[in-house]
Amino acid sequence: MSAVTETTPIAPPRKGLLNPTNLRRWENFKANRRGYWSLWIFLVIFVLSLFAEFIANDRPILASYKGEILVPVLVDYPEEKFGGFLAETDYRSDFITEEIEANGWMVWPPIRYSYNTTNSNIPHSAPTKPFWLMAGEERCAGYPGGAADPNCTLANLNWLGTDDQARDVLARVIYGFRISVLFGLVLTIASAIVGVTAGAVQGYFGGWTDLLMQRFIEIWSSMPVLYILLIIAAILPPGFWILLGIMLLFSWVGFVGVVRAEFLRARNFEYVRAARALGVGNATIMYRHLLPNAMVATLTFLPFILSGSITTLTSLDFLGFGMPPGSPSLGELVAQGKNNLQAPWLGLTAFVVMSVMLSLLIFVGEATRDAFDPRKTFR
């Protein structure tokens with residue numbers, strides 16, 4: 001009687017995001033140490049900027065007044081609640097501060113300025129230099145009690161100085177960084193959706209569809225983009241979504257060529273012909289079978305498109321055609337540095353922030369390109 005040997009069943013390969021191919025790509029990404037750490041540094045800075053109101057604000061994070069717990073950072077309390085008569089409470093005023101501290105307590109953010117808060121206690125006319133470049137008496141000269149004034153604390157001092165309107169530069173950098181990255185992310189995702197769709201339609205159907213759309217894209221991409229953006233931005237009222245829509249008119253073109261080439265190459269593969277023979281619809285073939293291959297090349301472009309979107313927004317803000325006046329903007333800070341050469345900290349701050357941000361994105365893009373390199377992924 002022959003012995004029966006039992007064999008252990010082989011587990012099927014994992015599917016989805018944790019499939020072996022993506023795991024190898026992630027290992028290749030981590031192998032590029034510069035890009036790997038750049039990703040984490042950028043994510044940490046970006047996540048912190050999402051909570052800018054809890055880091056730099058002219059309102060307390062939490063307060064207790066006459067036994068009631070208040071959250072001024074999230075809720076607008078009228079000044080009449082504290083014995084005043086204004087519709088909006090100025091928590092930095094001496095009257096409100098003394099009233100709340102006499103009947104409770106306040107927890108302030110590390111920086112007691114928002115992006116539009118004017119510092120009325122600067123030692124001289126704006127712009128003022130960072131407090132650590134001043135002597136002890138000079139940095140507190142704008143306060144009634146001088147260096148002994150209880151309000152002359154680190155949270156009330158300007159770490160990167162003030163701009164020409166006496167607004168805290170560090171607070172404007174934090175809020176401006178958040179707007180720039182969010183704008184770039186939304187624009188990049190929207191551009192990818194439009195560009196990938198157009199490229200997929202061109203490459204899959206080919207023929208007259210590809211010919212007509214390609215001629216249109218050639219004409220559209222040959223137009224002077226910057227001048228058109230300036231003209232449209234000068235006509236329409238400034239705003240985040242309006243500016244986003246204007247830039248989306250041209251930013252999607254960069255994705256079309258890569259996706260179109262991938263669909264042209266793969267549309268006649270055997271598995272695509274087999275799917276057609278089985279009666280699978282064109283939309284299903286494009287989405288399920290061809291799009292994953294095209295996204296490999298598209299994903300390598302995303303960090304570079306993101307950095308380009310941020311640079312374009314900064315350029316428009318520098319020229320005065322970007323975000324509404326008064327908005328926290330890195331481009332507006334660059335313009336202030338140009339207009340106030342006697343205040344070099346403005347230009348240096350804008351230069352350092354833009355350089356670090358764009359360098360991190362470029363390093364992440366290089367690591368992403370290495371991760372999706374087929375010579376490394378399928379070795």
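Q: What makes the link of C140 and C152 left-handed?
A: The link of C140 and C152 has -60° about the S-S bond, and with that value it is left-handed.

Q: How do you know that a disulfide joins C140 to C152?
A: A disulfide is a pair of cysteine sulfur atoms within 2.5 Å, and the S to S value for C140 and C152 is 1.8 Å, so the pair meets the definition. By this rule the count comes to one disulfide. This is a predicted model, in which local features need pLDDT of at least 70 and side-chain atom pairs count only at pLDDT 80 or more, while totals for chains, interfaces and linings use all residues. Residues are numbered from 1 along each chain as its sequence is written, and side-chain values use heavy atoms, with hydrogens and water left out.

Q: Why is C140 called buried?
A: Buried means under 20% relative accessible area, exposed over 50% and partly exposed in between (1.4 Å probe, protein chains only); C140 has a relative accessible area of 5%, so C140 is buried.

Q: Why does C152 count as buried?
A: The relative accessibility of C152 is 15%, and therefore C152 counts as buried as well.

Q: Which residues does F177 touch, not counting residues up to four places away in sequence?
A: Contact means heavy atoms within 4.5 Å, and F177 touches F42, I45, F46, S49, L330 and M357.

Q: What makes a set of residues a nonpolar core, and which members touch the most others in the largest one?
A: Such a core is a set of buried Ala, Val, Leu, Ile, Met, Phe, Trp, Tyr and Cys residues joined through side-chain atoms within 4.5 Å. In the largest, with 19 residues, F42, F177, V181, I310, L333, L346 and M357 touch the most other members.
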